[in-house]
Amino acid sequence: RRTIIIDTDPGQDDAAAIMLALSSPELDVRGITAVAGNVPLELTARNARLITEICGRPDVPVFAGADAPLRRKLVTAEYVHGKSGLDGVDLFEPSHPLQERHAVDFIIDTLRDAPEGNVTLCALGPLTNLATVVERAPGVIGRAREIVLMGGGFFEGGNVTPSAEFNIYVDPEAAAIVFGAGVPITMMPLDVTHKVLTTRARVERLRANGNRASKVMADMLDFFERFDEQKYGTDGGPLHDPTVIAWLIDPEMFSGRKCNVEIETVSELTLGATVIDWWKVTDRPENAFVVGGVDSDRFFGLFIERLGRY
Ligand code: BDR
Ligand code: CA
């Protein structure tokens, strides 16, 4: 069983990732840490609590972290996720309380208390919280087993500028710190997530599970896919963040390779670009396993089956 912390900015696809994780016996979710991203922190923290409540998991603590990127103004994505971050379903004020401890302190304490190489950090939003852990406790981040993150893109380009993906673009300095931290990283870029499409048939199969969690998720995906569908002209939109969780459960459905990844933090034109040395044209150190391919039917088979367990 893998011990994980989910750092997230829900977001419908973040919600999908949390639901997948909390229904998977392979994973022990120690806590959920919220970060500002798709919507401001107050809403991402509320949304994380709301999702754990829908999943019937009040035992999973939720912590609030950074409310702004390290050195920049927050850029949000209401145009994708709606004003609440979880548009598409009836929202309510969750009774599941927010923990008092700061998310960064929770991550540091958990890494310190667990055996070395035990805790996997899953990052589904801008990397501000994780970069703050690196800066505040440089000796502690190395105790993590791995960081698995959704972010970046290479052949696929960007989704917020022509060259940058949202999570990296929002806090490129934080991303540069995390990629330079010396911890093993697995990266799910847009090149993978754009292959995981919420087609109408898949969303209907999910809804046909008949339980509350599956219905709520199907309604969220109906809202979420509308934006990307129009944008990309595909049947359904990409389901980005759950790829991180699926990797931990069934890595065989993915393919990729170890490469060097550097983050652009200076150029205005390409700010937040992930410069991935896929063809090994430099001798920079390999600092990430970059995933490029996925069997999307196998992914949705897992996703739909797991949400059916609620
Ligand atoms: C990423 O940005 C957010 O809008 C999604 O939740 C995902 O984490 C995709 O670029
Ligand atoms: Ca996200």
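**Close-up views of the predicted model**

**View 1. Strands β6 and β10 pair in the sheet.** Strand β6 (residues 185–188) and strand β10 (residues 288–294) run parallel, joined over 2 bridges. Two strands count as paired if DSSP finds at least two bridges between them. Helices (H or I, at least four residues) and strands (E, at least two) are DSSP runs, numbered from the N terminus. Met187 stands opposite Val290 in β10. The model is predicted: local features need pLDDT of at least 70, side-chain atom pairs count only at pLDDT 80 or more, and totals for chains, interfaces and linings use all residues. Residues are numbered from 1 along each chain as its sequence is written, while chains are lettered from A and ligands numbered from 1 in the order in which they are written.

**View 2. The whole sheet is open and has 8 strands.** Its order is β3-β2-β1-β4-β5-β6-β10-β7, with mixed pairing. The edges are β3 (62–64) and β7 (254–259), each pairing on one side only. From one strand to the next, the twist averages 25°. Angles run from 0 to 180 degrees between N-to-C directions, with axes fitted as lines to C-alpha atoms, for helices over the stretch in contact.

**View 3. Strand β5 (residues 146–150) has parallel partners β4 and β6.** Strand β4 (residues 119–123) is joined to β5 by 4 bridges. β5 and β6 also pair over 4 bridges. Ala123 stands opposite Leu149 in β5. The bridge partner of Leu149 in β6 is Met187. In β5, 4 of its 5 residues are buried (20 or more other C-beta atoms within 10 Å of the residue's own, C-beta atoms being placed from the backbone).

**View 4. Helix α1 packs on the sheet.** α1 touches β1 (2–8) and β2 (27–34); contact means C-beta atoms, placed from the backbone, within 7 Å. The direction of α1 makes about 165° with that of β1. In α1, 11 of its 11 residues are buried, among them Asp13, Asp14 and Met19.

**View 5. The largest nonpolar core has 95 residues.** Such a core is a set of buried Ala, Val, Leu, Ile, Met, Phe, Trp, Tyr and Cys residues joined through C-beta atoms within 7 Å. Those with the most contacts inside it include Met19, Cys122 and Val244. α1 gives the most to this core, with 8 residues. Among the residues that Val244 touches are Ala17, Cys122, Leu149 and Met188.

**View 6. Ligand 1 is surrounded by 15 residues.** The closest are Gly11, Asp13, Ala77, Phe166 and His240. A shell residue has its C-beta atom, placed from the backbone, within 6 Å of the molecule. α1 (12–22) and α7 (166–170) are the elements giving two or more residues to this shell.

Note on methods:
Two residues are in contact if their C-beta atoms, placed from the backbone, lie within 7 Å. A residue is buried if 20 or more other C-beta atoms lie within 10 Å of its own, exposed if 12 or fewer, and partly exposed in between; C-beta atoms are placed from the backbone. Lists of a residue's contacts leave out its neighbours within four places in sequence.
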